[in-house]
Amino acid sequence: MTHLNTWLRAAAMTGALAASVGVAEAKTQITWWHAMEGELGGKLEEIVKKYNASQDQYEVVPTYKGTYPETMTAAIAAFRAGQQPDIVQVFEVGTGTMMAAKGAIYPVYQLMQDAGANFDPKGFLSAVVGYYTDADGNMLSMPFNSSTPILYYNKDVFKKAGLDPEQPPKTWGDVEAFSKTIMDSGAAKCGFTTGWISWVQLENFSAWHNQPIGTEQNGIGGMDARLTVNGPVQVKHWENLKKWQESGLFQYGGPVGGPDAPPKFYSQTCAMYMNSSASRASVMNNAKDFKVGFGMLPYYDDVEGAPQNSIIGGATLWVLQGKPKDDYKGVADFFAFLSSPEIQAEWHQFSGYLPITRAAYELGQTQGYYEKNPGSDVGIKQITLHEPTENSKGLRFGNYVQVRDVIDQEFQALLSGQKTAQQALDSVVSRGNALIEQFQQANE
Amino acid sequence: MVENRPWLNALSHLVLITGVVVVAFPVYLAVIASTRGPNDFYSGLVPLLPGPHALENYSAMFGAGLSTSGAPPLGLMMTNSLIMALSIALGKIAISILSAFAIVYFRFRFRLVAFWIIFITLMLPVEVRILPTFKVVADLGMLNSYAGLSIPLIASATATFLFRQFFLTVPDELMEAARVDGAGPMKFFRDILLPLSRTNIAALFVILFIYGWNQYLWPLMITTDTGYYTVVMGIKRLVAVADAIPQWNYVMAAVVLAMLPPVVVVVAMQRLFVRGLVETEK
Amino acid sequence: MQTKRTVFGNCVLPYLLLLPQLAVTMVFFIWPAGQAVWQSFLQQDPFGLRTSFVWFRNYERLFHDPNYLNALGVTVVFSISVAVLSLGLGLILAVAVDRLVKTRLYSALIVWPYAVAPAVGGVLWWFMANPTIGVVPYLLRLVGYDWNHALSPTDAMIFVVVASSWKQISYNFLFFVAGLQAIPGSLREAAAIDGAGPVKRFFTITVPLLSPTSFFLLVVNTVYALFDTFPVIDATTKGNPQQSTTTLVYKVYQDGFIALDLGSSAAQSVILMLIVVLLTVVQFRWVERRVQY
């Protein structure tokens with residue numbers, strides 16, 4: 001009997017051994033195409049390595065596919081040829097396109113449900129997730145790197161101009177007054193500059209003042225939504241920008257992301273600068289000869305409901321259809337790992353992107369991270385200032401890359417004096433809506 | 001030298017020096033940038049004089065280098081770029097010299113059709129027709145392969161066109177003489193046409209090698225395996241995301257390193273730019 | 001079409017010689033291009049999930065789009081400027097090198113910029129022309145010109161033309177040198193003995209004998225300016241301000257590659273193809289008559 005027992009045990013062990021070897025060989029591979037360059041790309045791969053070491057069922061394989069548009073086009077080309085990855089990172093303006101592709105994407109809320117993963121949508125910061133949910137509040141993609149614009153200012157110039165260096169401007173009235181003081185005192189040549197005219201001075205500006213960007217909850221409610229950014233508050237702001245540009249208070253930083261804006265701030269030409277909260281590390285590194293202060297975006301104090309909350313930009317992870325079931329289980333498992341407080345806090349603190357869960361923010365607080373790194377929580381405070389309204393959840397329109405282009409063009413027409421603010425914004429609305437309508441036709 | 005005219009020679013030197021200063025200035029900027037610290041670029045005029053960080057930047061590139069951003073080691077990327085550049089340069093020269101020979105030295109049915117089919121490919125870069133081209137390559141199972149990297153880029157008519165232009169200038173007497181000697185077309189091609197084309201082949205090789213070496217978007221599209229990374233893809237990874245400012249000192253050090261193989265090719269090929277080939281053959 | 005007075009007679013060989021190039025062209029060019037033509041009649045979402053046949057609507061839309069008509073005009077100005085500037089400078093430098101004996105260092109330095117990857121070349125020019133930190137605006141300010149390509153369409157156009165011509169100067173230089181070296185020295189010597197001065201020799205001997213090379217470069221540079229310049233535009237002005245530097249191919253790139261509007265970008269590609277076919281035919285039919293082989 002004992003003899004047989006030993007024999008059986010040996011057999012069972014061999015079997016188990018064979019089985020475990022089999023599992024090791026058949027690790028399910030999850031492909032992830034991303035657009036993270038530089039050190040962020042390195043950090044991303046580090047996180048993936050951590051995940052791969054943490055379990056032995058799945059192996060996530062990250063592949064860098066170029067800039068955001070390049071990554072998205074590569075994924076679409078691959079999908080059309082049946083070679084798509086499981087996960088692809090898509091920038092926020094691609095959201096409309098991805099969302100409309102019903103048969104091509106696997107909504108994250110559904111994926112997590114199907115896989116029975118441990119996942120609580122309520123733990124996420126609503127200002128981050130709200131941008132990527134459908135009208136019923138279901139999460140369609142997994143936020144990965146999000147940021148929001150904040151105000152940076154040059155403390156040394158403030159001091160030289162006789163201003164309180166610990167006091168950033170609160171309202172646009174302050175911005176104007178401070179800029180004048182700075183220029184009159186000769187402390188700097190210009191008051192302020194800004195990156196992203198479209199994102200900062202129109203989209204976020206609208207949300208921050210609780211003004212609608214478009215109908216249907218800024219497009220989140222449906223594809224028949226249209227732009228409405230030519231309201232009196234936006235027109236007044238653009239009028240002011242034009243006026244300030246003429247008197248030199250404001251210098252234009254160029255189209256799209258405003259590539260000429262950072263040098264204006266770093267070289268101390270302009271004393272204040274509005275741009276992404278994720279630029280903080282760059283700002284600190286490049287501001288060699290002066291101290292940097294941080295503040296929330298300015299607002300007009302005569303607008304009711306301002307300041308509301310700012311909205312985000314950045315990229316999220318979309319899951320594509322057409323892969324084997326096992327893959328999706330792995331994706332769900334990996335997403336649960338990615339949204340765990342430790343990983344979130346690590347990524348957020350390294351990269352400067354916003355944390356996506358409350359738990360990650362709280363972890364950072366208990367670690368004392370925000371005290372050690374002043375300014376790193378301005379963005380979080382700004383997006384959580386108030387519970388988002390229909391005007392400040394986010395926005396979602398088709399063909400939005402081109403719409404942003406239109407915004408840049410009309411802003412240039414305003415600055416060069418060819419159009420008034422009202423004409424420029426009216427034109428943004430009419431030309432933008434034509435593009436949005438075209439998208440609606442192609443996708444319905 | 002036909003004759004000596006000192007003022008003309010002086011003028012030539014002056015033109016060349018001005019030309020070099022203007023044309024090479026951006027390259028000079030890149031070299032300077034590769035010797036500076038990471039934050040020297042945005043706070044004043046762009047640096048015009050070398051800084052003390054050259055050793056640091058270049059050893060960083062050779063050591064951990066591009067791999068800090070998750071890219072494979074520099075050596076592997078250099079090898080891939082080399083394979084790709086050589087395949088494109090040699091492949092393109094081979095197929096185009098043959099087809100130009102056929103078009104110029106033979107008269108056959110559908111010659112005009114063939115001519116136009118080839119010559120409309122002078123246009124439309126890959127970026128503009130990327131979705132259909134990707135599909136073709138995927139259907140042929142050429143994703144993640146050197147063939148997929150190079151063959152689709154060989155489809156262009158510039159080289160064929162250059163050889164055609166050159167062959168048309170080759171005196172007809174050479175061919176008639178060869179025929180009198182009883183040489184067949186391939187013997188004529190090998191013994192006379194090929195040696196005559198040396199200068200043009202050299203110029204083309206330089207251009208095509210660099211073209212292949214600098215490819216970025218196509219390899220990015222059709223590879224998912226980092227084993228096929230090229231050096232320009234590695235450089236692009238250093239040029240950071242929307243929210244951060246790239247470490248230009250590293251980027252430029254990588255740029256300068258990536259420029260070396262093409263420069264070696266240029267210098268080596270210059271030996272073939274010797275006057276008088278045509279005359280000695282005559 | 002040009003050909004030789006006498007030709008080889010062989011009925012199989014020419015087809016064999018042409019086979020590799022034709023095969024590659026058919027598979028990787030004509031076939032995808034055909035699909036682009038088909039796509040231009042469709043309205044489709046990027047993933048290819050919903051497709052409807054819309055006849056010429058993509059084209060109609062283009063010709064009602066003021067931006068597109070504007071891009072046509074921009075392309076004409078841009079392409080001619082790039083071709084003239086890069087051919088002119090390339091020729092001047094090549095002639096200078098051809099006169100002298102020890103020129104390897106010059107040639108290497110002039111060809112060098114060609115080795116810079118296009119994506120990086122654009123960035124270098126961006127640095128040079130940046131209104132705050134750039135060298136060029138700094139120098140221009142010294143002579144009293146306030147450079148601002150972010151708002152002035154003229155400055156922006158000059159900027160993209162110079163940045164796009166830059167690499168092409170090296171290219172043209174290289175082939176002009178190759179062409180000049182192929183001109184028999186004996187011809188020039190004979191002319192010199194006949195008493196022709198350097199300027200006269202240049203126009204009576206060099207220019208005609210260089211015409212096959214010049215014709216090649218003219219065609220290649222036109223194609224370059226039309227098609228291969230969008231990475232430079234993307235890295236410098238992104239087509240701004242107000243579309244004043246948006247060329248046709250940059251628009252295809254933006255609409256198709258960045259914004260994924262496939263129907264419209266396919267229609268634009270087809271129009272581009274037609275333009276080039278037309279240009280190529282014109283160049284081969286009319287310009288080539290003046291070329292001396």
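I'll start with helix α11 of chain A, on the face turned away from its buried side: that face carries two exposed residues, A:Pro232 and A:Glu246. Bear in mind that this is a predicted model.

The helix itself runs over residues 232-246, 15 residues in total. From first C-alpha to last it reaches 21 Å, close to the 21 Å expected at 1.5 Å a residue.

Now the other side. Which residues of α11(A) are buried? They are A:Gln234, A:His237, A:Trp238, A:Leu241 and A:Trp244. Looking down the axis of α11(A), these buried residues fall within an arc of 125°, so they line one face of the helix. In general, an α-helix has 3.6 residues a turn, so residues three or four places apart point the same way.

What covers the buried residues of α11(A)? The cover includes the helices α8 (172-185), α9 (197-208), α19 (400-415) and α20 (421-443), along with strand β7 (250-251), all of chain A. Just after α11(A) comes A:Gly248, with a positive phi of about 85°.

Next, the sheet. Chain A has an open sheet of 5 strands, in the order β2-β1-β3-β10-β4, with mixed pairing. At its edges stand β2 (58-64) and β4 (142-147); each has a single partner strand, so one side of each is left without a neighbour in the sheet. On average, neighbouring strands here are turned by 20° against each other, direction ignored.

β4(A) pairs with β10(A), residues 313-319, in the antiparallel sense, over 5 bridges. Within that pairing, A:Met142 has A:Leu317 of β10(A) as its bridge partner.

Terms used. Residues are numbered from 1 along each chain as its sequence is written. Chains are lettered from A and ligands numbered from 1 in the order in which they are written. This is a predicted model: local features need pLDDT of at least 70, side-chain atom pairs count only at pLDDT 80 or more; totals for chains, interfaces and linings use all residues. Two strands pair if DSSP finds at least two bridges between them. Helices (H or I, at least four residues) and strands (E, at least two) are DSSP runs, numbered from the N terminus. Axes are lines fitted to C-alpha atoms, for helices over the stretch in contact, and angles run from 0 to 180 degrees between N-to-C directions. The expected span of a helix is 1.5 Å times one less than its number of residues. A residue is buried if 20 or more other C-beta atoms lie within 10 Å of its own, exposed if 12 or fewer, and partly exposed in between; C-beta atoms are placed from the backbone. The arc is that of the directions from the helix axis to the C-beta atoms. Two residues are in contact if their C-beta atoms, placed from the backbone, lie within 7 Å.
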